[in-house]
Amino acid sequence: MKEQIITIGNKMRSVAYAVLIPISLLMTISCNKDFPKILKEYPTDLPAEAGRTKVLYILVDGLRGKAVQDLEPPTLKRIKRKSLYTYGALADTSRTVMTKESGWATLLTGVEAHKHGVVSDDLSLAKLTEFPTLFARVKAENKGYTSVAFTSSNELGAALTKDADNQKSFAGDDALTLQNTIQELQNGQSDIVFAQFGDVEEVGKQSSYESTDPLYADAVKDIDTKIEALITAMEKRASFEREEWLVVITSSKGGEAATTVIDNTVYGDPVRNTFTMFYSPKFAEKVLARPNSTEIPFGGNALRFTYGATPVNAKLDDVNAFNFGNDKDFTITLFIKSNIPGGNWNYPIFLSKRVEGFAGAGWNMFGEVRDGKMAWGFNSALGSQVFGTQINDGNWHSMTIVVDRTGDADSVRAFTDGVFNQGATADSDNLDNTSPLAMGRWPGNNNADPDVLMANLQVYNTAFTRKEVKDLAGITHVDETHPKYSALIGYWPGYDDVGKSVLTEVTGRAGDMKITGPYNWMSFGDVVSHFKPPITYAFYRVVPNSVDISFMIYKWMGINTPVSWQLDGKSWAPLFVDIRD
């Protein structure tokens, strides 16, 4: 291939080959540093509008990136040859509830929800004084740029596009939104043309967001036709050849959809899966793929519990802690892994708050051979036992018990790996006793065979719902971002206690558990489909996120983004092809 050079920020000679932006440049562009405007400078004798940067910003609610990939609508398929795009874009990297309103605010302010404040469907929460919208910032720059916003949603128009120089909303009518946007592209001079469409989201809510759903598929194909009409109107402008257009196509959120792939990261959330495309006649095709997020290892160290003549135990000094009386709700989650796969052990106790064995006030978690495999069970003074599923296969598992005194049926519930197994109705017996909360072998059973790792013991003073157990039981590192953190009354992860004689309680809400017996620690690194290990923020930034859209527009238009703006976005370097005659 012949060498080709493009000088950024100076005059450019005619070239005819693709120019690759080095991957090192792409990876080093930071959130608040400018990247140069990668455009031609024209001779000074051209008309004033020559080379003027402009943006067509198309926002589609409810458009899943994976659905676009599955359906391959013809317009998007055609223009991707001149685009930087991804089917794996993210609306948000948190685990809070995702709404289109939150997505709108992120897209138009360039900051994440914890900053702009819209964490529900209430747009009045938007902190626009602190984090103004794209339209407000562009206007404040006084560079002569003008903007127009056409929205299908009246709520969006009133709350977030009111600072555009011209703004119209059409009460859910996508056709009118399209008509007015086309008229602006044909005859107007606005530098930012924004259009929001809501029909894909409405169809998804009423039917489904599945690409196999004919109604949703038709809605995606319809918006593809609208995008074609908008791009055609743009490219037929009399001044188009003298303008530098960037077309941004993205979605505020995706939607619930089935999947056969187990992915416990944010990438696996179809509601956060969006589609993002940056199109320009100057670009070559560049697709950004999401990383492999289905095999994130769970690694660390855990205390090894053996059950010999001198067993390994970890227990609290305070014998009155974690007494739940006859009226308190609670939830307990514990991680366990058998070091001897296939061991069928009857009745070894793993976790207990009971003076001894299987009688009297209190409770315990234990193993029992059921249908030829060792399952785990929960025995308590509350009534019938409940059982989970097999835990002796050599893999990590989470065991969760929920006691819901306000419930009727299934007020005691057992879950393995977040899946409900069995329930029973609790009676009103008092669970209080003077036995410490303890891990490992306990009086009342003499089985000496188990050899297990246990970690991540969590105790909450509330009863989780079934959905909460499904969503939360596999979290390997609990911190202040956990939705139930305020109800956490004891947490002993154990990962960082190597060499210590205690399991450290990390919240400060309970005491450390003292370790006795011939204890030692084992390191591990396992892929566990149910578990959700911590992932660095950078892992979610290898594809465009919604916070990047405004940032990209600022860079395209040559607007500086000072640190004081506190933007969370970054730039993405496209591949360029110069097409001057």
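Predicted model: local features only at pLDDT ≥ 70, side-chain atom pairs only at ≥ 80, totals over all residues.

Student: OK, and how many bridges join β2 to β7?

Tutor: There are 9, and the two strands run parallel. Strands are DSSP runs of E with at least two residues, and helices are runs of H or I with at least four, numbered from the N terminus. Two strands pair if DSSP finds at least two bridges between them.

Student: How many bridges join β2 to β6?

Tutor: 6 bridges join β2 to β6, again in parallel. For a landmark, find Val-60, which stands opposite Phe-197 in β6.

Student: Why is β2 largely enclosed?

Tutor: Because 8 of the 9 residues of β2 are buried, the rest of the structure largely encloses that strand. Buried means under 20% relative accessible area, with exposed over 50% and partly exposed in between, using a 1.4 Å probe and protein chains only.

Student: What order do the strands of that sheet come in?

Tutor: The sheet is open and has 8 strands, ordered β5-β4-β6-β2-β7-β8-β3-β10, with mixed pairing. At the edges are β5 (166–169) and β10 (286–287), each of which pairs on one side only.

Student: And how do β4 and β5 run?

Tutor: β4 (residues 147–151) and β5 run parallel, joined by 4 bridges. There, Val-148 stands opposite Asn-166 in β5.

Student: Which strands run antiparallel to β8?

Tutor: β3 (residues 83–90) runs antiparallel to β8, with 6 bridges between them. β7 also pairs with β8 in the antiparallel sense, over 4 bridges. Two pairs to look up are Ala-89 opposite Thr-274 and Val-247 opposite Tyr-279.

Student: Are the residues of β8 buried or exposed?

Tutor: Buried, on both faces: Asn-273, Phe-275, Met-277 and Tyr-279 point one way, and Thr-274, Thr-276 and Phe-278 the other way. With 7 of its 7 residues buried, β8 (residues 273–279) is therefore largely enclosed by the rest of the structure.

Student: Which strands does α8 lie across?

Tutor: Helix α8 (residues 174–187) lies across β2 (52–60), β4, β5, β6 (192–197) and β7 (243–251), and runs at about 165 degrees to β6. Axes are lines fitted to C-alpha atoms, for helices over the stretch in contact, and angles run from 0 to 180 degrees between N-to-C directions.

Student: Switching to helix pairs: at what angle do α9 and α10 pack?

Tutor: α9 (residues 199–206) and α10 (residues 214–235) pack at about 180 degrees, with their axes 9 Å apart. They are therefore roughly antiparallel to each other; angles over 145 degrees count that way, under 35 as roughly parallel, 65 to 115 as roughly perpendicular and the rest as oblique. Val-200, Val-203 and Gly-204 of α9 make the contact (heavy atoms within 4.5 Å) with Leu-215, Tyr-216, Ala-219, Val-220 and Ile-223 of α10. Those residues divide into 7 nonpolar, 1 polar and no charged. In this count Ala, Val, Leu, Ile, Met, Phe, Trp, Tyr, Cys and Pro are nonpolar, Asp, Glu, Lys and Arg are charged, and the others, Gly among them, are polar.

Student: What about α4 and α12, how far apart are their axes?

Tutor: The axes of α4 (residues 100–109) and α12 (residues 547–556) are 6 Å apart, at an angle of about 25 degrees. These two helices are therefore roughly parallel. Thr-106, Leu-107, Leu-108 and Thr-109 in α4 meet Val-547, Ile-549 and Ser-550 in α12, a group of 4 nonpolar, 3 polar and no charged residues.

Student: How many residues of α12 are buried?

Tutor: 10 of its 10, so to speak a mostly covered helix. Among the buried residues are Asp-548, Lys-555 and Trp-556. After α12 comes Gly-558, with a positive phi near 75 degrees.

Student: Last topic: what order do the strands of the antiparallel sheet have?

Tutor: That open sheet of 8 strands goes β17-β16-β15-β14-β21-β12-β25-β24, with antiparallel pairing. β17 (386–390) and β24 (502–503) each have a single partner strand, so one side of each is left without a neighbour in the sheet. β16 (residues 373–380) pairs with β17 over 3 bridges, and Gln-390 in β17 is the bridge partner of Ala-375.

Notes. Residues numbered from 1 in each chain as written. Heavy atoms only, no water.
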